[in-house]
Amino acid sequence: MANGSASNGSASNGAASNGSASGAAAASGSRIPAVAVSPWAPLGITVFRVLWFAQLGSNIGTWMQTVGAQWFLVESAAGATIIALVQTASLTPSLLFSLPAGVLSDSVDRRRLLIWGSLASAAVATALTALTAVNALTPVLLLAFTFVLGVTAAVTGPAWQAIQPELVPRNQIAAASGLGGITVNGARAVGPALAGVLLATTGTAVVFGINAPSFVAAVAALLWWRRAPQTGLDDPEPAWAALRAGLRYVASAHLIRRILLRSALFAFPASALWALLPITAAKMGLGSAGYGFLLGSLGVGAIIGIFVLPIARRRLSDNVILVLSALLYAVGVVAAAFLPFGITLVLLALSGIAWIGTLTVLNAALQLTLPQWVRSRGAAAYILVFMGTMAAGSFVWGLVAQLVGTGTALAVTVVLLVGVAASIRFLPLLNGTGTVDRSISMSWPMPTLVFEPDPTDGPVTVLVRYRVQAADAEAFRAAMAALGSSRRRTGAARWRFYRSGEVADEFLEMFVVSSWSEYRRQQTERLTGRDREFRDAVSALCSSAPVESHYFPPVAVAR
């Protein structure tokens, strides 16, 4: 799949084609005044449009392969657990490879990574087709090939996510995220229905065979894209250090953590419908074409959601949309569990609307909240949580259905979805999500030292002394708490804040970064406009300028 979880792009060409200051602003991440944006506006940018159609075609092929795989197992009389494992096999690689893939995407040219990843997917899909054509495919082999295709999707997923803000101006990111949903959900509408017809008339091998050329089309589009050289590749972070930095950022960014939590809360119960729908179709007495129509109804609903969502977002907050989406999704689950085919076909469209509503809100919030330097790693964490929860959920719901029946399993899902809707009262998306200033601030001065450290010298301990009048002490403590989170997000492995025991108005901040190169990255590449706001708030409460000192291990000084 060009990318099943998000079709996002990046742009040199995108900004240029847009021909406005907003294109340049998108690259830098600066704020753009909120204006009404058509949900189709990104398609006016040539490079976005070409990549969008390429991903749509690739995703159609992938959905055809998914339906073919599930129906192959149904016809092989595999149990509910094995059939549900198709979802698990395709999504588990996100658990294993998303974070390393995020590091890779931030360290190498993303366009080349996407090209090689798509070529690998085409090769795997071709091998699967060949085995099927000679009747050598078994359920175990099918799950193995599904897993490998999931690996290639996991490796390229963060790169697809990270390039989107380069393709469109910042005020079109939400629209681009919605259009990305069409590449997945439009494919979900077309792919399963087409697969159902082909399965009934030509067989599984033909369905699998269409997937490989769909990846080749994505490669052709990426080769056509004349992307400007990616910056920051001349001095990439070591892989392990980059992974730690990404994890540290996510752990310290409360806005991002809440997005990840909301995605997991929705994904676990939502996975039951995708995992158990083939079994539901079989219990209804449907053939492969009927199953394809059920999946297609979900896709059609998602496309309808693309039109409805911009109107809803003008009238409702993102948190309200998440509540309504969880409840609407539950309606489709009830239909799949207890209602006949005709009614289920209609009501599953509501689940499709809810699916795209949730994913668009969360994807747009993520893209608008992550700074450029950690965008791929942050996107990888999102993919890890969402797809990993879907994979684990698919396995769990398969076991539950095997033990107590499909209808009971789906009924439990409905109860959980109602709970997800209710949880927004206590666990909403936080204020500032998608609106904080993530433009990189380049004006932080580097300290003047008495010796020149090597990049690997460290750990570096930074001490900052502050003088604060008693009347401002409480406000200062609150400002320092926010600054501490900023330090951790941008590189500090440890952070502490002290009050002097001898001097009444003196405070001491201490933080540690792993090396001198990590400190330089913190000061020159990672600090955003939001971080400047935190520092300015602290400085405004000081009675004199803060004094910063830097300490190295003695071996660095002796050298």
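Reply: Helix α14 (residues 375–404) and helix α15 (residues 406–422) have axes that come within 7 Å of each other and cross at roughly 130°. Here helices (H or I, at least four residues) and strands (E, at least two) are DSSP runs, numbered from the N terminus. Axes are lines fitted to C-alpha atoms, for helices over the stretch in contact, and angles run from 0 to 180 degrees between N-to-C directions. α14 and α15 are therefore oblique to each other; angles under 35 degrees count as roughly parallel, over 145 as roughly antiparallel, 65 to 115 as roughly perpendicular and the rest as oblique. On the α14 side the contact is made by Trp 397, Val 400, Ala 401 and Val 404, and on the α15 side by Thr 406, Thr 408, Ala 409, Val 412, Thr 413 and Leu 416. Contact means heavy atoms within 4.5 Å. By class, the residues of this contact are seven nonpolar, three polar and no charged. Ala, Val, Leu, Ile, Met, Phe, Trp, Tyr, Cys and Pro count as nonpolar, Asp, Glu, Lys and Arg as charged, and the others, Gly among them, as polar.

The model is predicted: local features need pLDDT of at least 70, side-chain atom pairs count only at pLDDT 80 or more, and totals for chains, interfaces and linings use all residues. Residues are numbered from 1 along each chain as its sequence is written, and side-chain values use heavy atoms, with hydrogens and water left out.

Another helix pair is α9 (residues 239–252) with α16 (residues 473–490), which pack at an angle of about 155° with their axes 7 Å apart. That makes α9 roughly antiparallel to α16. Arg 248, Tyr 249 and Ser 252 of α9 meet Ser 485, Arg 488 and Arg 489 of α16. The contact of α9 with α16 has one nonpolar, two polar and three charged residues.

The loop between α15 and β1 (460–467) holds Pro 459. The peptide bond from Gly 458 to Pro 459 is cis, with omega near 0°.

The protein chain has 19 helices and four strands. Of its 559 residues, 57% count as buried; buried means under 20% relative accessible area, exposed over 50%, partly exposed in between (1.4 Å probe, protein chains only). The largest nonpolar core has 111 residues, and Phe 48, Ile 256, Leu 277, Tyr 329, Trp 355 and Phe 386 touch the most other members. A nonpolar core is a set of buried Ala, Val, Leu, Ile, Met, Phe, Trp, Tyr and Cys residues joined through side-chain atoms within 4.5 Å. Apart from neighbours within four places in sequence, Phe 48 is in contact with Pro 42, Leu 43, Leu 167, Val 168, Ala 176 and Leu 179. A second, separate core of 22 residues includes Tyr 466, Val 513, Trp 516 and Phe 552.

Phe 147 is in helix α6 and counts as partly exposed, at 29% relative accessibility. Leaving aside neighbours within four places in sequence, Phe 147 is in contact with Ala 89, Thr 92, Pro 93 and Leu 96. Phe 147 and Pro 93 are 54 residues apart in sequence and 6.9 Å apart in space, C-alpha to C-alpha. In the loop between α5 (110–133) and α6 (139–167) lies Asn 135, which has a positive phi of about 60° although it is not a glycine. Asn 135 is exposed, with a relative accessible area of 72%.
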